[in-house]
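Me: I am new to this structure. Please show it to me, and then I will ask about the labels used for it.

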Amino acid sequence: MTPEIKSMIEKTMENLRRNNIKPYFVETKEDVLPLVKTLINEGDTVSNGGSMTIKETGVMDEIKSGKYNYLDRAREGITREEVEQVYRDTYSADVYFASSNAITESGYLYNVDGNSNRVSAILYGPKSVVLVCGYNKIVKNIDEAVERVKTIAAPPNSVRLNCGTYCAETGKCVSLNKENPEICDGCHGSGRICCNYVICAQQRHVDRIKVIIVGEKLGY
């Protein structure tokens, strides 16, 4: 890791802390799970948002291990009505795991969702929110966060979810074809995953949101 990246991570962590968001740093993805186990208790009710990062770090396997009351929205045979109930039950969870689409050096979390069960749980409900993020999610400011979602995060996620959107086909948001696109501009396809845009700044509930920054590139 270069001195520049280390400095960027340190600055981001300092500003997350200033915003009442608890930051952690681990060197590798293998270091994530031992830390996560200190942030969760056996028997806790846990849930998660869609995230490649928590899969890559072994967090998904851990929370599905049987040690916890896992609210599983993807279990075999689950009905749409049951999925919706899982979303609602998640607001009463002890711990919620996800990642963030971007983290600014000024300590803001930027997230964009389609269904918005993830962003809503980050904002309110679960007692503790743990976001696991590779350092590649760190950007200088909100403008770079917006660009990151439109060019790096949303396109591969749209492919993964078979959304059939413009970005899935071209690798970038259609709004970038405009001269001065607004933050919420995008396609009007039925499979659009960029519907609600959320910035988490200073938090009232100190350390409720925790961000584990990993010294590797992970997720989208």
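Me: Why does Ser92 count as exposed?

Reply: This is a predicted model, where local features need pLDDT of at least 70, side-chain atom pairs count only at pLDDT 80 or more, and totals for chains, interfaces and linings use all residues. Residues are numbered from 1 along each chain as its sequence is written, and side-chain values use heavy atoms, with hydrogens and water left out. Now Ser92. Exposed means over 50% relative accessible area, buried under 20%, and partly exposed in between (1.4 Å probe, protein chains only). Ser92 has 59% relative accessibility, so Ser92 counts as exposed.

Me: Where is Ser92?

Reply: Ser92 sits in the loop between helix 5 (80-90) and strand 4 (95-98). Helices (H or I, at least four residues) and strands (E, at least two) are DSSP runs, numbered from the N terminus.

Me: What makes Lys137 a residue without a salt bridge?

Reply: A salt bridge needs a side-chain nitrogen of Lys or Arg within 4 Å of a carboxyl oxygen of Asp or Glu. Lys and Arg count as positive, Asp and Glu as negative; His and the chain ends are not counted. For Lys137, the nearest side chain of opposite charge is Glu56, 7.7 Å away. Therefore Lys137 has no salt bridge, though it is buried.

Me: Which residues does Lys137 touch?

Reply: Among them are Thr53, Asn101, Arg148 and Tyr220, leaving out residues up to four places away in sequence. Contact means heavy atoms within 4.5 Å.

Me: What makes a space a cavity rather than a pocket?

Reply: On a 1 Å grid over the protein atoms alone, a cavity is a set of points where a 1.4 Å probe fits but cannot get out. A pocket is an open set with protein on both sides within 12 Å along at least five of seven lines. Lining residues have an atom within 4 Å of a point. The structure holds 2 cavities of 30 Å³ or more.

Me: How much space lies in the largest pocket?

Reply: About 760 Å³. Its lining has 36 residues, and Gly50, Ser51, Arg73, Arg160 and Leu161 are the closest to its centre. Helix 7 gives the most to this lining, with 5 residues.

Me: Which residues lie nearest the centre of the largest cavity?

Reply: Cys167, Cys173, Cys187, Arg192 and Cys194, out of 16 lining residues. The volume of the largest cavity is about 130 Å³.

Notes: Points joined across faces, edges and corners; volume = space filled by probe spheres on them.
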